[in-house]
Every structure is written in structure tokens, then in C-alpha cells.
Amino acid sequence: MNHTDKRYEQGKALLAEGRNEEAIAVLESLTKDMPKFKKAWEKLAFAYINAARPEDAVRCYEEILIRYPKDAMALYQKSVLEEKTGKLDKALESIEKALKFEPNNAEFLYSKGFVLYRKKRLNEAIGWFDSALEHDPFFFAAADYKCLCLMTLGIHDELILSCSEYLDRFLDFADHAPTETDYSERGGELFGKESEMIKKEDIWRLYSYLSFSYMKLGAFAPAEEILLKELEFDYEKSRVYYYLGLVRNALGKYEQAASSYELSLESEPDFTAARINLGLVYARAAEVELKSAGKVTSRADELFQKSLSVLDTVLANEPENLSVLYEVGRIRLELGDLEDAEKAFNEVLHLDPGFVPVYEYLAKMKFNAGDYEAALSFLSDAQIKDPFNYEIMNLTGVIYSKKGDNDFALKCLTRAEMLDALNPKAHYNKALIFMKEERFEEAAASLSQIQETDAEANGISYAKVLNFYGTALQNLGRAEEALIVFEKLQKIEPENEMISEAVSVLKNEIKL
């Protein structure tokens, strides 16, 4: 017995010194002589793990289980090793046996969930992680992997609820353990609990799940709030600033978004996506300024120039980046630089003849220049590539109307309405044709479908819509309806004397 004890202590000492091969030789000798010495098998398994021989470590636990078949911890350790070596079916079988002997062991419940996670049976895994948390509410790894499963499955509403709950639970325990459970006395020294210590990085990861879910659900205001909290942890700052830029862009905070992308690039200068988005948000900010002022102000020009500077930097490294070339063309067009805009758009078509939005812009440029045939040629090419494109069909109708071919124009616009019944452009353009042809009933029907918010969002003056609508109703002898429309128009343009006069005339007409 003394000789045995010496070998066991000798093996432990060699392990502590990192002399794994020598420890293996000693412990193999000991287990051969005393196959029922369980602790010797455990130490030998540990030595095999250190020597990168996990298959031999599994064999050690199999030897223990031959003699102690109800040893739940041995089954658990065997399962962990089998999972690590990719034998997931065997790992699942082992942990299920362990759970028969200790069904309320949070570590075992978690381990089964983890094996199911590895087997991509995520819904089942979530149930086992929940069970682990029921028995040990501060088992962080179970909470973490449950959140990861929910995110992978795209169950973002439940993920938000879970992350919020876990943040409340774990936030005060960063950098120290919430429980004092010690598994080493139970033979668990190889692996132990997956997360005895909750680190700040763990808490940050919960915030990361939370912000991601808010973004996926389009809840950009709370996403911004959570991303700002993420920045306090100082992990993956480039990524966090990038997402903050995306969120602020979605919220219409374009210049703040630009600042976020710039900070992302400070952390990671080669982050091309951040650089592209920086150029785009400068352009969006410029467009807001342009729309507000009704012209290219010095501020709008400054923002457009910043955008071009950034995007030109991208093109210097990626000259065939279609989306960037397209945006450069749009910006040049806004600045009135028609030659360079056309050059950028033509370069896009040279690289990808199927890039349909470019055809629309080139058609508009030719249309504005009075070259209707060239415009229609571009639109015809676009229709071949995308016969279900609303904008292309609508613009085709407008150009045929300008050419005086109202019958074909109406066919095109009716086709556009079929493609997108909610978009007001085709309704409005059809109404213009009907008004010119004094087809007031049809004009009124088209104009009645246009809502104020839709009109303004699509660059259509709602005042013009009401003016045409009221006029059509008046010509149809529907004075009371016309009066309602003109009174609504009067609220929009109270200083317009012609509208006031129309209201007065209609009121008198109704009295008579």
C-alpha cells in the first residue's frame, strides 16, 4: 500500500511540474496494479489530457465505469471529453446516463444542453439550459448559450426578455463568482463548472445580444442606448461603433452616424464597410440639407464633397465596386455635374449591365435634356432585365405622355399601378393625363387614392394633388366634395388668393 501511495503522490507531483509523460508512466503502472483505484484513473485521465491524448482519457473513465457504473461524475467527465473529441452521440448517451443518477445537477443539465447545441438541436438545448438555470440561477454559461441559441434561431423578442433578465441578475457579479459551489471534491477537477467566474466580457456579451436583437426588430432607439452601454466595456469597439453608425443612420441621425463610422475606422482603418457607410451617410445628410433648403447650400455642398472624398478613397482600392460607383453617380447628379455623373453610371453598366437602377437615372438625365428617344431606349433595356420594376414602368408612362402618346402612357401607368398599388406616382401621373383630356371622373378616382404622407415621401406636392382633385370634383358638379378638398388645401396655403376665391365661389354655389 505504501508503494501504491508513493506512486500516486509521485504522479501528482510530476503532473504539477508539467512532466506529463513521466506522470503517465507512473500512473499507468499504478492503475495496472490497482484497477479499482478511482483517483489514480482520474489523475491518469488528466495527464492524458495534458499530453493531448483525449481518446486515452476517455478510456480511463470507461475503466472507472466498469467498476463503478453508477459514478455520475465519471459519466459527466466522459461526456465532456467525448464532446471535445467530436463524438457527440456518445457524449449525449453518457450525460443522459449521468442525469439518471443526478437529475437535478445543474452542471449535468447544462452539459446535456451544450451537447444538443453542438448537434444543432437548438430548441431542445434551450430547454436544458433553462433547467440548469432553474437549479442554479447563477449558472452564467447556461444563460449565455441559451441567448446564443435564441439569436441563432432568430427569436429576437424572447432574446430581449432573456437578456434583460440576465443582465439584472448578473450585472453585480462581474469579476467574481456568485456561488461558492466547489466541484473539485467530487472528482470534477478536470473541467469543473463552465463559468465559476463571471467576467466583464460576459456581461458585455449579453448587451451585444440585446443590441443585435433590437436592431433586427427595427427598434433602433433602444438599440442605440444599448450600444452606448457596450462602448463602456471597451470590447470590439470598431464593431460597436459600426453598428452604432447603422442604428443612427436608420434613425436619421446622419452626422452622428458619420461620427460613429469615423470612430470605427480609427480602431480599424481597413474596415471597408465602415468607410463606405461613412461616405453614404455624408450624402444622406447632404440630401436632408438640400431638401430643407430646396437648393444645394454651402453646407450641403460641403457634405457632398466629404462623401465624394470618402467614396473616391474606396474606389482607389476597389475601382469596380458597383454600389460605390452608383452612389458617386447619384451625388454628382445632385451637384449638377452631369458629365461625371453619366460617366459613373456608364461605368456601372459596363461592369454589370443588369444594374437596373442606373438605367432609370440615365433615362431621367436624357429625359430632362429633352432626348426622349434615348431615355426610352434606356427604359426599354431596363424592362427586359426587370419587367416588374415599378419606377421604370412609371417613368416610361411619363415620357410617352410628354411625347403626346397618352393612350400608351396610360397603359404603362396602369401597369405600374398593378405592380405597386400603394405608390402614388402612377396615380398622380395618370390624373395629369385625365385632367388634360378633361376626363374628370377618372382623374378624381386616381387622385382620391393619394394620401398626404405618401405624396410627400415620393416628392409629389400634396397641395397640387388637392388642387387637381378639387378642380376635377368641381367640373363634375360635386360642389360639396370639392369644397371639402379646397378647404383642406386652404389650410396648407392660407395666403393663396385663388384658393380662397374658389372656396368662396363653392360656398355660394352650395347656398344657391
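Let us begin with the contact between two helices, α26 and α27, in this predicted model. On the α26 side, the residues involved are Tyr-462, Ala-463, Leu-466, Asn-467, Tyr-469, Gly-470, Thr-471, Leu-473 and Gln-474. They meet Glu-481, Ala-482, Val-485, Phe-486, Lys-488, Leu-489 and Ile-492 in α27.

How are the two helices arranged? Two packed helices are described by the angle between their axes and the distance between the axes. Here, the axes of α26, residues 462-475, and α27, residues 479-492, come within 8 Å and cross at roughly 155°. Angles over 145 degrees count as roughly antiparallel, and α26 is therefore roughly antiparallel to α27. The crossing of α26 past α27 is left-handed.

I now turn to helix α11, which covers residues 200-216.

Is α11 mostly covered or mostly open? Mostly covered: 12 of its 17 residues are buried. Among them are Ile-203, Trp-204, Leu-206 and Met-215, together with Asp-202 and the tyrosines Tyr-207, Tyr-209 and Tyr-214. Ser-208, Ser-211 and Ser-213 are also buried.

Which helices do these buried residues pack against? Their partners are α9 (140-153), α10 (156-170), α12 (220-231) and α13 (237-250).

Gly-218, which follows α11, has a positive phi, near 75°.

Notes:
Residues are numbered from 1 along each chain as its sequence is written. This is a predicted model: local features need pLDDT of at least 70, side-chain atom pairs count only at pLDDT 80 or more; totals for chains, interfaces and linings use all residues. Side-chain values use heavy atoms; hydrogens and water are left out. Axes are lines fitted to C-alpha atoms, for helices over the stretch in contact, and angles run from 0 to 180 degrees between N-to-C directions. Helices (H or I, at least four residues) and strands (E, at least two) are DSSP runs, numbered from the N terminus. Angles under 35 degrees count as roughly parallel, over 145 as roughly antiparallel, 65 to 115 as roughly perpendicular and the rest as oblique. A crossing is left-handed if the near helix is turned anticlockwise from the far one by less than a right angle, and right-handed if clockwise. Contact means heavy atoms within 4.5 Å. The expected span of a helix is 1.5 Å times one less than its number of residues. Buried means under 20% relative accessible area, exposed over 50%, partly exposed in between (1.4 Å probe, protein chains only).
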